Amino acid sequence: NIIFVSNPTEFNINTVSFGICSADFIFNCCKIGLTKGIPDRLLAIMSHCIDQQHFYPLQPSSSALRMDYTKYKHLHMVNKLDIFIM
């Protein structure tokens with residue numbers, strides 16, 4: 001079976017919760033220099049998302065990212081995720 005979901009999305013498989021987002025938050029943070037001078041950039045960037053419980057905590061978003069701001073509430077993480085894929 002194939003199931004289509006929105007982007008970003010949260011879902012569960014058995015007892016494991018997943019969060020998936022295709023927005024390139026990591027690239028956009030590096031591009032504006034948000035992680036300049038930080039030794040572990042990837043950890044710092046992902047920590048922003050997890051700490052703020054948000055799929056794309058950088059607002060306003062990059063001009064290359066086409067975002068429908070009427071759906072902004074869907075960027076908030078509702079559940080605590082076990083696996084987060086960006």
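Me: How do E1 and strand E2 (residues 16-20) pair?
Reply: E1 and E2 pair in the antiparallel sense, over 5 bridges. Two strands pair if DSSP finds at least two bridges between them, and strands are DSSP runs of E, at least two residues, numbered from the N terminus. This is a predicted model, where local features need pLDDT of at least 70, side-chain atom pairs count only at pLDDT 80 or more, and totals for chains, interfaces and linings use all residues. Residues are numbered from 1 along each chain as its sequence is written, and side-chain values use heavy atoms, leaving out hydrogens and water.

Me: Which residue in E2 is the bridge partner of Ile13?
Reply: That's Val16.

Me: What's the strand order in the open sheet?
Reply: The order is E1-E2-E3, 3 strands with mixed pairing. E1 (9-13) and E3 (83-85) each have a single partner strand, so one side of each is left without a neighbour in the sheet.

Me: New topic. Which residues touch the most other members of the largest nonpolar core?
Reply: Phe25, Cys49, Phe55, Tyr56, Met77 and Phe84, out of 13 residues. A nonpolar core is a set of buried Ala, Val, Leu, Ile, Met, Phe, Trp, Tyr and Cys residues joined through side-chain atoms within 4.5 Å. Buried means under 20% relative accessible area, with a 1.4 Å probe and protein chains only.

Me: Is Cys49 buried or exposed?
Reply: Buried, at 0% relative accessibility.

Me: How many disulfides turn up in the whole structure?
Reply: The search finds 0; a disulfide is a pair of cysteine sulfur atoms within 2.5 Å.

Conventions
Helix = DSSP H or I, 4+ residues; strand = E, 2+ residues; numbered from the N terminus. Buried < 20%, exposed > 50% of the residue type's maximum accessible area, 1.4 Å probe, protein only.
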